[in-house]
Amino acid sequence: MHSKKEIPTVPLHRFLKHSLEILKNPLPFHRQNFNEKGDIFRLKIGINNEVFFIRDTAFAQYVLQKNQKNYVKSKIQTVDLVKYVGEGLLTSEGEKWKKQRKMMQPAFHKKQLENLLSGMRDTIVSEYEAIEANKTLDLFPILNDLAFQTVVKSLFTKAAKGKDMERLQFITEANQRMLVRELRQPYLGWWFNLSGTLNKHLNFSKEARTILKSIVEERKNSGKRYDDLLDMLLETRYDDGKGMSEEQLIDEILIIFTAGHETTSNALTFTFQLLAKHPEWQDRIYDEWLNLGGNDTDLMSRVSTSKVCQQVLEESMRLYPPAYFIDRVNVTDDAFNGMHFDAGSNLLFSVYEMHRHPNLWEQSETFLPERFNEGGRQFSAQYFPFGAGPRKCIGNNFAMFEMIIAVSELVSKYKIHADFDRIEITPLITLKPKNAFLRFEER
């Protein structure tokens, strides 16, 4: 039954009028529409195309948790991204996703991740050697390499060759940039095909798969155990006792590379920028690190009890969530709060706006880590840095452990100073930092 409640609409001519600024940064345009139209509005992006933008957290919970069976991910992830990374946990739907999630979940339990923490810390400390004291530098490239290498070492320990990993990093990042171009410039699709640009990037994906297959085969033939993620993935079994096919395993590894490094490097960069602007929180993290015994402490104990560091990270991801939109499409007609949505409606939940909603957060634009003194669970109805519901990011514990170690290690060695006026952003597939110019003073 259709409701009489109208959903406010932003007309096509307004979208076209602001198209250039939307291409550069759509967030100010969306915020203006939210402020004018309310927490749910319809944006016309073509004669017959429209997207529903949402910052209503109750609706987000309804779609992501309560009625999640009626919602699937959009074409962006289930088609556009699939051609580069395959059909793994991030991009699959239905029974295939359910089967993969159940199979892979044990590999990301805290007890399993404990085996990875020492290697994770060694990688982080090694990457920080690129920092020169008392010299202004853009920290993002260092953290991007750090996050990628942490994923590599957690997956493959020492089995991967340096040149292969450099190539995999290049391919992962090049294909992400290509996907952004396809999504933001769909009118150039014909040119991407005709010029060979698209085919070049699809060949990159084939090359990446060849590299990974070689690593997997070498591990299988070696007979050695490293207790890394690759071992865990090779040993996981479906209910019928069978393991993943090689192709499926490669899909999952490619997705771990794609999803596991960029979001982390973005979150870490924003965190260090915020710490540079709020040095009192650097001191609190440093004091906590000392009180916990510094590097003499068992790593699992440290990451589990670094409450101040965790508060800072959670507040950083509130203000600058790397996954700043969650997209869904309803399978059948649905309604929420008197509003009707035809089957096939494109819904975009703005995590960025929900995390800054003035009705949900006290001093919503202000960096206040103390609001998380009881952890992120107290805000579970309005805080979605890793998504929500059954499709919540499987690697959330891995990411938090890595970031706690990365922040505490850097703050234990350096005082961080800002060489930028304000934090700027580049919204692509993820929310990326733009001007992370920092200076480091040895403690």
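This is a predicted model: local features need pLDDT of at least 70, side-chain atom pairs count only at pLDDT 80 or more; totals for chains, interfaces and linings use all residues.
Apart from neighbours within four places in sequence, leucine 368 is in contact with Glu315, Glu362 and Gln363. The residue belongs to the loop that runs between helix H19, residues 351–354, and helix H20, residues 396–413. Is leucine 368 buried or exposed? Its relative accessibility is 19%, and buried means under 20%, so leucine 368 counts as buried. As for its position relative to leucine 268, which is 100 residues away along the chain, the two C-alpha atoms are separated by 17 Å.

By the rule applied here, the model contains 22 aromatic pairs. One of them joins phenylalanine 41 and phenylalanine 53, which are stacked, with 5.4 Å from centre to centre and 10 degrees between the planes. Phenylalanine 41 is in strand E2, residues 40–44, and phenylalanine 53 is in strand E3, residues 50–54, so this pair ties together parts that are twelve residues apart in sequence. How accessible are the two partners? Phenylalanine 41 has 0% relative accessibility and counts as buried. Phenylalanine 53, at 5%, also counts as buried.

The second example is tryptophan 361 with phenylalanine 379. Their ring centres are 4.8 Å apart and their planes meet at 50 degrees, so the pair is tilted. Both residues lie in the loop between H19 and H20, 18 residues apart, and the pair is one that links distant parts of the chain. Tryptophan 361 and phenylalanine 379 are both buried.

Beyond individual pairs, which residues form one aromatic cluster? The members are Phe52, Phe59, Tyr62, Phe336, Phe341 and Phe349.

Aromatic rings also meet charged groups. Lysine 99 is placed over the face of tyrosine 238, 4.5 Å from the ring centre. In a second case, arginine 356 has its charged end over the ring of tyrosine 320, at 5.1 Å from the centre of that ring.

I turn now to glutamate 353, which is located in helix H19. With 2% relative accessibility, glutamate 353 counts as buried. Setting aside neighbours within four places in sequence, its contacts are Arg31, Phe34 and Arg55.

Next, the second largest pocket. How much space lies in it? The volume is about 820 Å³. Its lining comprises 31 residues, and those that lie nearest the centre are Gln310, Glu314, Gly376, Arg377 and Lys392. Helix H4 (57–66), helix H17 (299–305), helix H18 (307–319) and H20 each contribute at least two residues to this lining. By residue class, the lining of the second largest pocket divides into twelve nonpolar, 13 polar and six charged residues.

Alanine 58 has a relative accessible area of 38% and is partly exposed. Which distances separate alanine 58 from glutamine 382, in sequence and in space? The two are 324 residues apart in sequence, while their C-alpha atoms are 8.1 Å apart in space.

Leucine 368 counts as buried, as do tryptophan 361 and phenylalanine 379.

Key: Residues are numbered from 1 along each chain as its sequence is written. Side-chain values use heavy atoms; hydrogens and water are left out. Helices (H or I, at least four residues) and strands (E, at least two) are DSSP runs, numbered from the N terminus. Buried means under 20% relative accessible area, exposed over 50%, partly exposed in between (1.4 Å probe, protein chains only). Contact means heavy atoms within 4.5 Å. On a 1 Å grid over the protein atoms alone, a cavity is a set of points where a 1.4 Å probe fits but cannot get out, and a pocket is an open set with protein on both sides within 12 Å along at least five of seven lines; lining residues have an atom within 4 Å of a point. Grid points are joined across faces, edges and corners, and a volume is the space filled by probe spheres set on the points. Ala, Val, Leu, Ile, Met, Phe, Trp, Tyr, Cys and Pro count as nonpolar, Asp, Glu, Lys and Arg as charged, and the others, Gly among them, as polar. Rings of Phe, Tyr and Trp (its six-membered ring) pair if their centres lie within 6.5 Å; planes under 30 degrees apart count as stacked, over 60 as edge-to-face and the rest as tilted. A charge sits over a ring if NZ of Lys or CZ of Arg is within 6 Å of the ring centre and within 35 degrees of the ring normal.
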